[in-house]
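Here are a few notes to go with the structure, for anyone opening it for the first time. Have a look around, then read on.

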Amino acid sequence: MLGLIASAGAIYAIPAVDQVREASIITVAPNGGNVEAFHANIPMDRIMIGASGQTTPVPPSLRWPDVELLADVRTEMFKIRNERDSVVGVAVRTAAKNGDQDVIDWVLHLPARGSVFVNMNAVPHEGGYRIGEIRAGSREFAPLSGFMSERWVADTSEDEDAPAGRIELQATYVGELEPLEPTEQAE
Amino acid sequence: MKYIVALVLGLVAGAAIFAVGAVYNPFTVDRGLSPLSLTDAEVIALSFSTVPAENIIYTNNGESLQSPHPEKVLELWEVPIRKTSAMATVMRDARNQPAGIGIKISSKSESTRLLNGEAILDSVWYIYAPQHGSMFVRQTENYWPFIREVAFPAWKSSANNWRGTWLGDMTSGPGALGTASVSGGSGRIKGLEMVGIESMSVRAFSADTGFVSAEGRLLIELPELPDETEEESAL
């Protein structure tokens with residue numbers, strides 16, 4: 001009986017899963033919203049590049065499906081890091097051309113927090129960066145809207161083990177407006 | 001001394017009885033019929049293999065039951081992503097023809113409650129299907145029925161494997177009816193909010209290497225779209 005109670009107590013009290021959380025590094029934007037930056041060091045953090053006819057796939061033994069339907073699709077997967085250079089999640093970037101429509105989408109997945117889906121504007125701005133709208137999110141990000149920018153920053157340090165560069169992502173989250181309680185309105 | 005031995009044996013026996021009771025708990029039964037199985041709405045049906053070697057890539061921390069594929073794929077060994085797996089696969093339509101590319105990222109969820117029969121994964125799909133557009137699926141999946149009816153019998157068997165036919169809905173939320181939330185990003189489903197269900201059909205499973213023969217299926221229910229001809233005639 002003691003064994004039954006101890007097992008039930010342990011399974012109730014001790015969490016079966018405990019995700020490790022890196023403290024978020026968020027700044028407040030001057031015109032509202034919270035800003036969080038991520039980056040992927042290239043090539044170290046690249047998990048996959050999938051595209052038709054590529055000569056150097058990642059991983060090297062990757063076999064991208066020889067399907068006409070995917071001829072204009074390029075999918076990349078990365079580990080993403082926070083501003084302390086700690087890995088905090090996994091991201092997917094897909095670029096595709098469907099007729100006259102260009103699609104560039106990002107999905108950022110942060111295991112302890114949730115995921116964000118971003119539709120980028122295909123046309124880059126001056127300076128080579130793109131901006132896109134946060135279309136949807138899960139868990140912590142579900143009630144948030146906002147936008148995200150992406151840009152490529154080449155490494156200029158000339159260090160031997162330095163990455164070739166990094167993809168910088170800057171997300172700006174805007175929360176939903178919540179109506180004030182009547183007592184708060186009266187104040 | 002004999003009291004200590006009796007206490008330890010009692011604890012072990014109690015824990016074993018509890019484990020068996022938890023696995024065969026009759027109160028954690030399947031939800032039964034999928035909420036999308038009776039829909040009249042248009043449904044996008046996509047199927048995919050859940051066997052890592054049949055996918056474009058599959059990666060995890062490198063120490064889990066299923067090995068990453070292909071060789072030399074980067075493993076997710078860093079502490080914050082150690083309980084995460086990622087997969088890229090070809091999505092097939094109802095006629096088993098390639099329909100697009102799908103990327104699924106899953107993490108073990110802190111909402112797991114084994115006492116309640118909930119082994120939860122927080123997962124998201126990114127799917128690009130040229131015929132429909134891009135979509136983002138977010139869901140919680142409950143693997144408890146699979147563990148109870150496939151993985152545990154495989155572990156118990158002397159050959160460490162299971163063969164048979166198992167079919168179950170994996171999606172358990174966040175929708176009130178146990179459905180996934182689906183957001184359209186581009187193409188004909190751009191801007192649409194939809195619901196979906198992921199199910200899995202397993203024919204062979206090994207307690208040593210994971211899925212041997214299994215297929216997943218995503219059903220996505222489209223909202224009723226305004227008929228263009230009706231709109232034009234109204235103008």
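This is a predicted model: local features need pLDDT of at least 70, side-chain atom pairs count only at pLDDT 80 or more; totals for chains, interfaces and linings use all residues.

1. Of the 187 residues in chain A, 34% are buried.

2. Next, the fold of that chain. Chain A is built from 2 helices and 10 strands, and read from the N terminus the order is α-β-β-β-β-β-β-β-β-β-β-α. If you take the contacts in chain A with a separation of 6 or more, 43% of them join residues 24 or more positions apart.

3. Which parts of chain A touch chain B? The contact involves 54 residues of chain A and 50 residues of chain B. On the chain A side, at least two residues each come from α1 (2-13), β3 (46-51), β4 (73-81), β5 (87-98), β6 (101-110), β7 (114-120) and β8 (130-137). That side of chain A is made up of 34 nonpolar, 14 polar and 6 charged residues.

4. Now for the cores. The largest nonpolar core holds 73 residues, and Met77(A), Ala91(A), Val107(A) and Ile127(B) have the most contacts inside it. Another core, of 15 residues, lies apart from it and includes Trp144(B), Val150(B), Met170(B) and Val202(B). As background, nonpolar side chains in soluble globular proteins tend to be buried together.

5. Setting aside neighbours within four places in sequence, Ala91(A) is in contact with Ala40(A), Phe78(A), Ile80(A), Trp106(A), Val107(A), Leu108(A) and His109(A). One of these, Val107(A), is also listed with Ala91(A) among the residues with the most contacts inside the largest core.

6. Is Ile131(A) buried or partly exposed? This residue sits in strand β8 of chain A. Being buried takes 20 or more C-beta neighbours within 10 Å; Ile131(A) has 17 inside that distance, so it counts as partly exposed. Leaving out neighbours within four places in sequence, Ile131(A) is in contact with Asn121(A), His125(A), Phe147(A) and Ser149(A). Ile131(A) and Phe147(A) are 16 residues apart in sequence, with 6.9 Å from C-alpha to C-alpha.

7. Last, the domains of chain B. The assignment gives domain 1 (1-30) and domain 2 (31-54 + 91-224). The C-alpha centres of these two domains of chain B are 33 Å apart.

Methods. Residues are numbered from 1 along each chain as its sequence is written. Chains are lettered from A and ligands numbered from 1 in the order in which they are written. A nonpolar core is a set of buried Ala, Val, Leu, Ile, Met, Phe, Trp, Tyr and Cys residues joined through C-beta atoms within 7 Å. A residue is buried if 20 or more other C-beta atoms lie within 10 Å of its own, exposed if 12 or fewer, and partly exposed in between; C-beta atoms are placed from the backbone. Two residues are in contact if their C-beta atoms, placed from the backbone, lie within 7 Å. Helices (H or I, at least four residues) and strands (E, at least two) are DSSP runs, numbered from the N terminus. Ala, Val, Leu, Ile, Met, Phe, Trp, Tyr, Cys and Pro count as nonpolar, Asp, Glu, Lys and Arg as charged, and the others, Gly among them, as polar. Domain bounds come from an automatic or database domain assignment.
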